[in-house]
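Take a look at the model below. This report covers aromatic rings first, then a pair of helices.

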Amino acid sequence: WEFNGSFYQPSAFLMMGIPGLEALHPWISIPFCALYLSALLGNCVILFIIRTTASLHEPMYYFLSMLAVTDLGLALCTLPTTLGLFWFNVRRIAFDACLTQMYFIHILSFIESSVLLAMAFDRFVAISHPLRHPAILTKSTVLKIGLAIVLRGMVSLLPIPFLLKRLTYCGRTELSHSFCFHPDIMNLACADIKVNVFYGMIVLLSTVGMDFIFIVLSYILIIRTVISLTTREECLKALNTCVSHICAVLVFFIPMIGLSMIHRFGRNLPPLVNTLVAYTYLIIPPALNPVIYSIKSTHIREALLRALCRKRG
């Protein structure tokens, strides 16, 4: 395309699958279908178990419900475009539809980060101040935390679509993934993107970055409390309640940090690396989190077994 200096926005972008493996997309879709099915069914089961089990109506499981809803949203955001590309080679996505998908993907990612921080705070209070835990994290407090998390994500990311719409685009319209991602769209512009880069970095550091720092700080304080416990059994019991949350934190933050670094500093890396990290970031956590909590949480596992036994009976 030739660019004559006037303002231009493409009517659509072209999404990419896995570079170099386009002929194998129908076969590659099989593990993707399994992951999406695991994410949808697993998180729905978690929500059903918590909803129908009175003993799980506690702050820890309220936050787990928020995490499950967020994971469902992430899976549903990327499922149509990813499977549409793999199954039917539908690569085209309208400009405004791309911005909408990008907005919700980033909002849900930021919400998941904040929910993981809230869960870390819940574990800290439960271990460090067990007698005050019910008074500190009441139902109304948990609800207010949930509303604050959603509002923070929505408000902080609201300018992003408008900052992208003001840019002029020319030349390539191919995205790097089968979904829309802010740095990916931004790098297709032929205008000055310093404002986008600066605002994106500020928002990322002030939300996800701060969440990660406070999660680490929470676990430092938890470890200090656990070390002060008198017996080894008490230490192991206290730490065991945190294992599933630590796994969820690692599964979410490691790919997210990797993808952010690749988009900003890894332009010389093979495209396949970028693609695999992106899919790991958006598809693996929603699929694995229900499995992690079903295996590691005794209460979830027992409630699930009781529900299965009632169904068989």
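## A buried ring and its partner

Y103 is buried in this predicted model. Its relative accessible area is 13%, and the cut-off for buried is under 20%. F104 is partly exposed, at 42% relative accessibility.

Y103 and F104 form an aromatic pair. The geometry is edge-to-face.

## A pair across the chain

F181 and Y281 also form an edge-to-face pair. Here the centres are 6.5 Å apart, with 75 degrees between the planes. This pair links distant parts of the chain, since its members are 100 residues apart. F181 sits in the loop between α6 (159-165) and α7 (182-186). Y281 belongs to helix α11 (residues 271-296).

## The ring cluster

F181 and Y281 are part of a cluster. The model has 13 aromatic pairs.

## Two helices packed together

Helix α3 (residues 95-128) packs with helix α8 (residues 194-227). Their axes lie 9 Å apart, at an angle of about 20 degrees. Angles under 35 degrees count as roughly parallel, so α3 and α8 are roughly parallel to each other.

The crossing of α3 past α8 is left-handed. What kinds of residues make up the contact of α3 with α8? There are 16 nonpolar residues, six polar and two charged.

Methods. Residues numbered from 1 in each chain as written. Predicted model: local features only at pLDDT ≥ 70, side-chain atom pairs only at ≥ 80, totals over all residues. Heavy atoms only, no water. Phe/Tyr/Trp six-rings, centres within 6.5 Å; stacked < 30°, edge-to-face > 60°. Buried < 20%, exposed > 50% of the residue type's maximum accessible area, 1.4 Å probe, protein only. Helix = DSSP H or I, 4+ residues; strand = E, 2+ residues; numbered from the N terminus. Axes fitted to C-alpha atoms, helices over the stretch in contact; angles between N-to-C directions. Parallel < 35°, antiparallel > 145°, perpendicular 65-115°, else oblique. Left-handed = near helix turned anticlockwise from the far one by under 90°. Nonpolar A, V, L, I, M, F, W, Y, C, P; charged D, E, K, R; others polar.
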